[in-house]
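Q: Got a structure to go through. Can you take my questions as they come?

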Amino acid sequence: MLTNYGYIGLFLIAVVLFTLFMVIIPIALRFLKIVPHNPNPIKNSTFECGMETIGRTWVQFNFHYYFYALIFLALDVLVVFLYPWAVNLRALGFASFVAVIILVAIILVGYVYAWKKKVLEWK
Amino acid sequence: MNLALFIPEITLLVIAAIVILLDLFIEQKRWLAQVSISGLVIAGGVTIAMWGGSYPAIFNNMLAVDNFAIFFKMLFLGIAFLVILSSTDYVSKFSKFQGEYYALVLLATLGMMLMAATTNLIAIYIALELTSISLYALVGFLKDKKSTEASLKYLLLGAVASAVLLYGMALIFGFTGKTQLGEIAQVIQSLPPMTLLASPGLLLGIVLLVAGFGFKIAAVPFQMWVPDVYEGAPTPITAYLSVASKAAGFAVILRVFFSAFGLPVWLSLNWGLIFAALAAISMTVGNIIAIPQANIKRMLGYSSIAQAGYLMVGLAAMGMASAENILGQSGVLFFLASYAFTNMGAFIAIIAISNKLNSDLIEDYSGMGKRAPLLALALTLCLISLIGMPPAAGFMAKFYIFNAAIQNGLLWLVIIAVINSVVSAYYYLRVVKVMWLGEAASAEKVPSSGALRLALLLCCIGVLLLGVIPGYAIRLAQLAANIFAY
């Protein structure tokens, strides 16, 4: 019985060793002067599919986008469910109609909430 | 499929939506608490009416409607009822977000009810996430530095625990090809023992499940989030976390480990031993670190880790037991019920006292016996119950669970548990000593609202009732645990 846990432990040890090994390789190669070290500005710049990068990484976004993203997500999920249902409306029958109405009602509560809390107003 | 069996859950969902909408359109916010409570009462009534019947599982066998699930549903509804009663004063600290508060409490309760009922790994995960996400938000409701930090820590660590749990479920699915607990059990039992022995995948899956659920029940070594989250969260939510969230974790553990991994015997002996070791570590670590705590919420946080240890003694007994012996399971259920009353009572008394003091430090409780005799008396009763002294419920609960452990050959674990109970008496009684023998800083009385007093009274009655005449509650726990007998 204990041997089984031993296998698991062996895997864990292997995982840790492998990770350490992968981290240490580049450092060791650098240290042994096998990897050359001649930096230049082009080499150090961010690789962006050939486009030249503009400005810094830490750009500020308007916080309002966050709310829009959340509402968009909810409605997006709704559409994902609505579309296959709408295509098969006749085959799925009345029970699925009720189910979809319930889903829409739940998301509608969220939408009314966002509306009333003035999330949709751009300030 | 019979939707009538799903009425309690539907009620909670509808009431949560109504609370959110009402909050937008009415000025009188105290209606929100009343609507939430009426919803809980309706759901509770329907649930109680279902007790004892034998119903088919619903939603393609994903949700079982058995006595076990109904027992836990009643427990969660009762706890949510007490939490909402005790938050009626507290919500003034975040008056802008009362609707969200009540709605999230209801949704977390809904998630826990589903957790107790699910018999499918995927449904378990979804119910667990519904509970967790509601609780992450609730923990951060105070919006001050500590509360935000607590919420973020809970979210990050909870996400890691979810990932671990999901990985465990994936391994078990990969090993058996099933997500339904009963079918997993069939596959495991039909395989020849040698195949099982040669493949450590299933064992790794079980270990990861223990880790994932261990986070929910706050067992050592998955307890790192407990002290900070308990300290930072709004006190009613701390109470809710320490009682309901833990009970939900135990409900899932009981069902998953018994229905999926209960047989063959060597497998259950295996996870029984894991739980026995975790129990011993949790009790010891929780009790020892609780001793130097100066903040009472932190102290009760560590105490809840220790209590999870006592509860896991029952799980270990379940793993070691033969099939027809359900003492371990029913012991855990009874312990959870008595722990619910006890810890809720302690936290409600703390809410009342800290509302006045604006402090959670134990030294500030000095002289509470004179300033608020009834509150201090109730807190004393609950602390005595947490130690496990008669006539409180904690005594019967510990007695019952240790009895189950001894019958299944876990004498060593019970010895550790009893030593721990003695150690724990020190820090619980320290609070009692400060309250009754310390000098009061001022002679001012501590006020408390009617709802709070009602909740506290209900808890004290529960603690005494389960401690003095436990027969009926034990019978309920046995009936609920009967689904585990073959």
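Q: What does the domain assignment of chain A give?
A: Chain A has domain 1 (2-44) and domain 2 (64-116). Domain bounds come from an automatic or database domain assignment. This is a predicted model: local features need pLDDT of at least 70, side-chain atom pairs count only at pLDDT 80 or more, and totals for chains, interfaces and linings use all residues. Residues are numbered from 1 along each chain as its sequence is written, with chains lettered from A and ligands numbered from 1 in the order in which they are written.

Q: How far apart do the C-alpha centres of domain 1 and domain 2 of chain A lie?
A: They lie 47 Å apart.

Q: And chain B, what is it divided into?
A: Domain 1 (1-253) and domain 2 (262-486). Taken over C-alpha atoms, their centres are separated by 21 Å.

Q: How many residues of domain 1 of chain B are in contact with domain 2 of chain B?
A: 37 residues of domain 1 of chain B touch 49 residues of domain 2 of chain B. Contact here is C-beta atoms, placed from the backbone, within 7 Å.

Q: Which element gives the most to the domain 1 side?
A: H3(B), with 11 residues. Helix H3 (67-90) is one of the elements of chain B that give two or more residues there; helix H7 (181-190) and helix H11 (235-261) are also among them. Helices (H or I, at least four residues) and strands (E, at least two) are DSSP runs, numbered from the N terminus.

Q: How do the residues on that side of domain 1 of chain B divide?
A: Into 24 nonpolar, nine polar and four charged. Nonpolar is Ala, Val, Leu, Ile, Met, Phe, Trp, Tyr, Cys and Pro; charged is Asp, Glu, Lys and Arg; the others, Gly among them, are polar.

Q: New topic. How many residues does the contact take from chain B and chain A?
A: Nine from chain B and 10 from chain A. On the chain B side, helix H1 (7-25) and helix H9 (201-217) each give two or more residues. H1(B) gives the most, with four residues. That side has eight nonpolar residues, one polar and no charged.

Q: Now helix packing. At what angle do H16 and H19 of chain B cross?
A: Roughly 40 degrees, for helix H16 (residues 373-387) and helix H19 (residues 450-468), with axes coming within 10 Å. So H16(B) is oblique to H19(B).

Q: Which residues in H16(B) meet H19(B)?
A: Ala378(B), Leu381(B), Cys382(B) and Ser385(B). In H19(B), they meet Leu456(B), Cys460(B), Val463(B) and Gly467(B). The contact has six nonpolar residues, two polar and no charged.

Methods. Two residues are in contact if their C-beta atoms, placed from the backbone, lie within 7 Å. Axes are lines fitted to C-alpha atoms, for helices over the stretch in contact, and angles run from 0 to 180 degrees between N-to-C directions. Angles under 35 degrees count as roughly parallel, over 145 as roughly antiparallel, 65 to 115 as roughly perpendicular and the rest as oblique.
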